[in-house]
Amino acid sequence: MNATSQQQGQGQGQQQHPNIEGRHDDDAALSEFLASLMDYTPTIPDELVEHYLAKSGFQCPDVRLVRLVAVATQKFIADVATDALQQCKARQSAVVKDKREKQQKDKRLILTMEDLSRALHEHGVNVKHQEYFADSPSAGLDPVSRDE
């Protein structure tokens, strides 16, 4: 073997060594993260996550994994809510100039199903909803409460 091939062989061995250490660091970080999930109480209850996991055919006795799914779900919902808020702000800022005076007085944001649908679509979820039209304010009420 000549000197050049020995240097190449050593270079390959040195390249593999950091990979192993990096993998070990990743495993340690993952183990630490999963251990921290035991002390964490997610916003979405474990029972609810377990119900939907079981409904989809997945069963796991490890609470850490259930909580990991809960954290991922919480992150997804927060991202969708943030995107829907941005959609709402963009829609309301596109108001005709005549209505600007009223908008200055009433700065409440009104989230619509269209805003939510657009935000969900950005995350790959297509929502189809029925259009609802009411002839009068009492259209959705039962006959007894209409008379009152």
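Buried means under 20% relative accessible area, exposed over 50%, and partly exposed in between, with a 1.4 Å probe and protein chains only. By that scale Asp79 is partly exposed, because its relative accessible area is 27%. This is a predicted model, in which local features need pLDDT of at least 70, side-chain atom pairs count only at pLDDT 80 or more, and totals for chains, interfaces and linings use all residues. Residues are numbered from 1 along each chain as its sequence is written, and side-chain values use heavy atoms, with hydrogens and water left out.

**Salt bridges**

- The structure holds 4 salt bridges, each defined as a side-chain nitrogen of Lys or Arg within 4 Å of a carboxyl oxygen of Asp or Glu.
- Asp79 pairs with Lys75 in one of them, at 2.8 Å from N to O.
- Both residues of this pair, Asp79 and Lys75, lie in helix 3, 4 residues apart, about one turn of the helix; helices are DSSP runs (H or I, at least four residues) numbered from the N terminus.
- Between Arg67 and Asp46, the closest N and O atoms of the salt bridge are 3.1 Å apart.
- That pair links distant parts of the chain, with Arg67 in helix 3 (residues 63-93) and Asp46 in helix 2 (residues 46-55), 21 residues apart.
- Arg67 and Asp46 are both buried.
- Asp115 forms a salt bridge with Arg91, with closest N and O atoms 2.7 Å apart.
- Here too distant parts of the chain are linked: Asp115 is in helix 5 (residues 113-122) and Arg91 in helix 3, 24 residues apart.
- Asp115 counts as buried because its relative accessibility is 0%, whereas Arg91, at 29%, counts as partly exposed.

**Helix 1**

- Phe33 lies in helix 1 (residues 3-36).
- Phe33 counts as partly exposed because its relative accessibility is 36%.

Terms used:
Helices (H or I, at least four residues) and strands (E, at least two) are DSSP runs, numbered from the N terminus.
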